[in-house]
Amino acid sequence: MEAILLVGGQGTRLRPLTISTPKPLLPTAGVPLLEHQLVRARDAGVTRIVFATSYRAEMFSEAFGDGGRLGLDIVYVTEDEPLGTAGAIRNASTALECDADSPVLVLNGDILSGHDIPAQVAAHEKGEAAVTLHLTLVDDARRYGSVPTSPDGRVMDFVEKSPNPPTNQVNAGCYVFRRSVIGSIPAGRVVSAEYETFPQLLAAGEPVCGYVEAAYWLDVGTPAAFVRGVNDLVLGTLPSPVVEVDGSGVLLLENASVASTARVDGGTSVGAGARIGAEATVESSVLFDDAVIEQDARVVRSVVGRGARICSGAVLEDCVIGDGVTVRSGNQLLNGARVWPNTELPPTAIRFSAE
Ligand code: GDD
Ligand code: MG
C-alpha cells in the first residue's frame, strides 16, 4: 500500500523548538517524531510513502533519504507555497503509482498513535468508502475536527475547530482515501481537507466512514503535548518499535551522563552527550543533545534545547529553553515560559512566568 505524509506545516505553537527544525523532525525519544508513525505504517503493510513537504523541505530528505534505512521507499513532493492539507494531498498524489480504486493511507505528520492501521483499512474496504477517518475521543474537541457518526459508522458531519463541537469524537489525522477521490480535489490551489474536502464529500452524499478506536493518541502540537509524548514513549505507555524501554523511566542516549546523586525520572529523555550534575532533579523532561543541567538545578516537564546550559540551582517548570541558551543560577522559569535560542538569562535572579 502507498501512503502520503503531510509534513508541510510550520509548527508555530511549538516555537522556539520549530524555528530550526520542523515539528515532525523534532527529536523524540532518540528519533525524529514522525519516525514512530513511519515504522508503524511500514509494519501495517505500507511500502511506499510520498512526503508532502513545504516548510524546510530539504531537512526531510536529509533525515530519511530514499527510506532504505527504514525498509521503505520514500519520495518527496514539495509545495512552493503551502497548499493546505487537501491541496498537499492532491499535489503529492502525482507521485503515487497505485490504480484508481486502491486505498491510499494519509497521515498527519505530528501524531503519535497506537491505533490498528490494518483494521482501519479493512473497515474502509468493507464500507466501500470514499474516505475512512480514524476517530478518537478527547475531553475537549474545540482544537480538533469534531466528527459525529451514525450507528452504522457513516460520518454525518465534519466541524473543524468549533467553539461548540457537536461531539467529543474527533478526527485523529489518519485517513484512508480511495485514490480516485484524491483525483477529485482541485489541483494547483490551496484546499483544506477539514474545511472544504470533507464537508463537500458529505454534501455530495459520498460514503465517508469513521473508524473509531480509542487507542493511545496524541497530537504533538504544543510544548506540553510534546513533553507528554516523549514521556509516554520512554515509559512504554505508547510502545514504539523504535524505542527500547528498560523500566527505569529514563532514556539515556549515546554518551549521556548522569551523576549518581541526581534524581532523573518520569519518562525523561536525555539527549546524546547531555550531562546532568550532582543533586540535580530532572523530572518528565526532554533534554536535547549536549544540554547541560548543572548541580542542584531543578527541571520539571520542560524541554531543554541542544547545547543549552541550566546553571546550578536554576529552576525550570513547564517551559521551553531554545538551543544554545544559558540560564544562569538563581533564575526560575515557570508555567509555559519560552526562551528563544542563543540568549543568556543573566546572573541577577529573575522569576518569570508566562501566565
Ligand atoms: N504539505 C503540507 N502543506 N502539509 C501541511 C499543510 C500544507 O499546506 N498544512 C498543514 N500541513 C500538515 C502539518 O504539517 C501536519 O502534519 C498536518 O498537516 C496537520 O496540520 P496541523 O497544523 O497539525 O493541524 P491541527 O493539528 O491544527 O488539526 C488537524 O489535526 C487534528 C488532529 O491532530 C486537523 O486535521 C484536525 O481536524 C484534527 O482533529
Ligand atoms: Mg496537529
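Reply: Thr281 is buried, with a relative accessible area of 15%, in what is a predicted model. The cut-off makes the assignment clear, because buried means under 20% relative accessible area and the value for Thr281 is 15%. Thr281 is located in strand β19, which comprises residues 281-283. When neighbours within four places in sequence are left aside, Thr281 is in contact with Arg263, Ala297, Arg298 and Val299.

The chain is divided into domain 1, residues 2-219, and domain 2, residues 246-353. The C-alpha centres of domain 1 and domain 2 lie 33 Å apart. Ten residues of domain 1 are in contact with twelve residues of domain 2. Between them an area of about 840 Å² is buried, and carbon and sulfur atoms give 72% of it. On the side of domain 1, Pro16, Leu17 and Pro27 supply 53% of the area that this domain buries against domain 2, more than any other three residues. Salt bridges between domain 1 and domain 2 number zero.

A metal site deserves attention next. The magnesium ion (ligand 2) has Asp110 (OD) and Asp219 (OD) as its protein donors, at 2.0 to 2.7 Å. Asp110 lies in the loop between β6 (103-108) and β7 (111-113), whereas Asp219 belongs to strand β13 (residues 217-219), so the pair ties together parts that are 109 residues apart in sequence. Asp110 and Asp219 are both buried.

The cysteines complete the account. A disulfide is a covalent bond between the sulfur atoms of two cysteines. The structure holds zero disulfides. Cys98 is in no disulfide, and the nearest cysteine sulfur, that of Cys174, is 15 Å away. Cys98 is buried, with a relative accessible area of 17%. For Cys311, the closest cysteine sulfur is in Cys319, and the 14 Å between the two sulfurs is too far for a bond. Cys311 is also buried, with a relative accessible area of 4%.

To return to the part under study, Thr281 is a buried residue of strand β19, and its contacts beyond four places in sequence include Arg263 and Val299.

How values were computed:
Residues numbered from 1 in each chain as written. Chains lettered and ligands numbered in written order. Predicted model: local features only at pLDDT ≥ 70, side-chain atom pairs only at ≥ 80, totals over all residues. Heavy atoms only, no water. Disulfide = S-S within 2.5 Å. Buried < 20%, exposed > 50% of the residue type's maximum accessible area, 1.4 Å probe, protein only. Donors = N, O, S within 2.8 Å, 3.2 Å for Na, K, Ca; no water. Helix = DSSP H or I, 4+ residues; strand = E, 2+ residues; numbered from the N terminus. Domains from an automatic or database assignment. Contact = heavy atoms within 4.5 Å. Buried area = accessible area lost by both parts, 1.4 Å probe. Salt bridge = Lys/Arg side-chain N within 4 Å of Asp/Glu carboxyl O.
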